[in-house]
Amino acid sequence: MPRLRVVSRATFMDMVASLPASKLDRLYDSHWTCQAILRSLTPLAKQYVMRMLYIDAPIPNKSLQEWVLPDATVKHKVAIDKLEQLRILVDVSERKKEVTYRLNPKLQNQLRSVLKSGGGIPRDPMPSSIVARLPTATELENYAIQQWELVILQLVNSASGEGPTAPLNKFIQHIFQKAGLLTSRENETTSRITEAGFQFLLLERSSQLWQIIREYVSAAEERGLDNGELIGFLLELGFHIVGEPYNMNTLTGMQQKAVEELAILGLARVQQGMKDRWFIPTKLAASLSTNLSESSSWQPTEGFVVVETNFRVYGYTSSKLQTETLRLFVRLEYQLPNLVVGSLTKESINSAFASGINAEQIISFLQKHAHPHVAPKVPTVPETVSDQIRLWETDRNRLQLLPAYVYEDFPSMDIFQAVVAYARDIQGLLWEDASTRRVVVRGELHEDVRSFLHRQNTASSQRK
């Protein structure tokens with residue numbers, strides 16, 4: 001079967017798990033990394049780690065299975081598989097005997113130490129007598145939002161064809177190109193936005209952030225940085241206190257470079273004093289350790305969009321980014337200092353479809369950014385509007401072909417259910433039939449599912 005490259009749907013922890021075993025074990029030299037990775041686990045996987053934290057003897061897999069109810073067998077297999085990928089559980093079984101596990105000794109010792117000491121913070125903030133005036137919490141949050149909007153505006157301007165209002169930042173351009181959001185052809189003088197780029201613009205801010213962070217880490221080695229060290233620093237950065245100043249001299253050369261680049265994304269603010277320089281983490285940086293998925297608590301404070309049954313759209317905003325994002329699928333008619341007015345038309349919606357945006361993304365965007373006065377209503381977007389958007393898409397795409405793979409002839413129902421659960425967990429499941437033990441998954445995730453199935457088959461044969 002052909003090998004498929006999976007990038008856009010991989011989570012941050014999937015990228016961590018893909019590191020070589022030597023680099024992954026080196027990450028566990030830091031208890032900050034150990035804590036961050038523990039936070040990223042599912043509740044069941046966390047329970048396994050905490051139960052085994054003070055057990056030094058290997059535990060048979062059969063004993064682990066007794067910790068869950070029979071109807072949670074699938075969840076158990078998914079949790080064990082993730083723990084193995086991250087080398088949190090190490091297989092120490094001998095040949096031709098039952099599979100036995102123990103916690104990674106490095107991670108085990110680090111977490112024990114944290115429980116005894118309480119953790120603390122990675123480094124002490126600078127004294128107030130040394131640093132200049134620090135931004136308030138509101139100023140720091142506004143700074144983070146403004147920096148992030150400046151980054152996304154460069155992509156929006158590429159979509160509008162007007163070109164950026166300022167020279168395109170080479171660092172940001174490189175990240176966008178690595179993520180497949182901008183074209184990177186050598187014979188083109190200017191980069192153009194791709195279909196993936198249009199879809200990226202309608203994602204939640206937290207999802208956008210994690211996609212950019214993944215590509216930033218993936219491109220580390222091209223710029224002479226150790227990706228394992230960079231991942232460790234990113235996870236550690238999330239444990240710093242938001243709004244407190246930290247001396248740049250306490251960082252290594254790689255970490256200083258990373259902070260300066262992360263400041264462009266709004267994760268930190270760098271200030272210069274008479275002698276010293278310091279960085280101030282923002283809420284974006286805090287989200288790096290508190291939530292390692294594509295969802296975060298750091299979201300816009302309130303929505304701004306009102307959609308009426310006559311297809312009129314009112315955007316109560318002064319943000320250029322929000323205005324330009326609406327322009328992707330709304331025909332804007334006039335703009336005031338804090339209000340933009342437009343209409344959803346067949347032409348504007350079809351233009352969005354041609355760019356790679358689908359109906360559900362448009363409707364989801366309007367729902368998630370609904371103004372507080374209409375947000376409590378159900379539905380927030382009138383059904384006449386949402387239904388018409390879907391009809392316009394149906395008219396345009398009467399038949400859609402997607403690459404997919406069929407899995408059948410599973411050796412057991414348990415393995416079938418585990419594969420179904422795993423495919424659903426990574427959003428790759430298209431169809432399943434338990435009676436015939438057949439599964440259809442998305443083509444771009446075939447390699448991930450096949451690797452998972454191989455691990456399940458191997459574990460099953462070892463148990464026999």
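Here are some numbered notes on this predicted model, going from the whole chain down to single residues.

1. Overall make-up. The chain carries 20 helices and 13 strands. Of its 464 residues, 50% count as buried. The accessible surface is about 23,200 Å², and carbon and sulfur atoms hold 49% of that. If you take the contacts with a separation of 6 or more, 68% of them link residues 24 or more positions apart.

2. The cores. The largest nonpolar core has 108 residues, and the ones with the most contacts inside it are F12, I88, I213, F329, L344 and I362. Helix α8 (residues 137-160) supplies the largest share of this core, at 7 residues. There is also a second, separate core of 17 residues, with I415, V419, A423 and V439 among them. As background, nonpolar side chains in soluble globular proteins tend to be buried together.

3. What surrounds I88? With neighbours within four places in sequence set aside, I88 touches Y28, I37, L41, V49, L83, R102, L103, N104 and L107. I88 is one of the residues with the most contacts inside the largest core.

4. Helix α18. Residues 383-396 make up this helix, whose 14 residues should span 20 Å at 1.5 Å a residue; the end C-alpha atoms are 20 Å apart, which agrees. Its buried residues are V385, S386, I389, W392 and E393. Looking down the axis of α18, you find these buried residues within an arc of 120°, so they line one face of the helix. They pack against β7 (305-307), α16 (346-354) and α17 (359-368).

5. Around strand β6. Here 4 of the 5 residues (277-281) are buried, so β6 is largely enclosed by the rest of the structure. Strand β5 (residues 268-272) runs antiparallel to β6 and is joined to it by 5 bridges, with Q272 standing opposite R277. These two strands form a hairpin with 4 residues between them. Strand β4 (residues 246-247) is also antiparallel to β6, through 2 bridges, and there N247 stands opposite W278.

6. Is strand β10 buried or exposed? In β10 (residues 339-343), 5 of the 5 residues are buried. Both faces are covered, with L339, V341 and S343 on one side and V340 and G342 on the other. Strand β9 (residues 331-336) is antiparallel to β10 over 5 bridges, and Q335 faces V340 in that pairing. β9 and β10 make a hairpin with 2 residues between them. Strand β8 (residues 312-315) pairs with β10 as well, antiparallel and over 4 bridges, which puts R312 opposite S343.

7. R26 and its partners. R26 sits in helix α2 (residues 21-27) and is partly exposed, at a relative accessible area of 45%. Leaving out neighbours within four places in sequence, its contacts are K106 and D226. The C-alpha atoms of R26 and E229 are separated by 8.6 Å, although the two residues are 203 apart along the chain.

8. A cis peptide worth a look. The bond joining V378 and P379 is cis, with omega at about 0°. P379 belongs to the loop between α17 and α18, and α17 is also one of the elements that the buried residues of α18 pack against.

9. D409 is in the loop between β11 (404-407) and α19 (413-425), and it counts as exposed at 70% relative accessibility. Q427 also has a positive phi near 60°. Its place is the loop between α19 and β12 (429-433), and Q427 is exposed, with a relative accessible area of 57%.

Definitions and conventions
Residues numbered from 1 in each chain as written. Predicted model: local features only at pLDDT ≥ 70, side-chain atom pairs only at ≥ 80, totals over all residues. Heavy atoms only, no water. Expected span 1.5 Å × (residues − 1). Buried < 20%, exposed > 50% of the residue type's maximum accessible area, 1.4 Å probe, protein only. Arc of directions from axis to C-beta. Contact = heavy atoms within 4.5 Å. Core = buried A, V, L, I, M, F, W, Y, C linked by side-chain atoms within 4.5 Å. Areas by Shrake-Rupley, 256 points an atom, 1.4 Å probe, with all protein chains shown as cover. Pairing = 2+ DSSP bridges.
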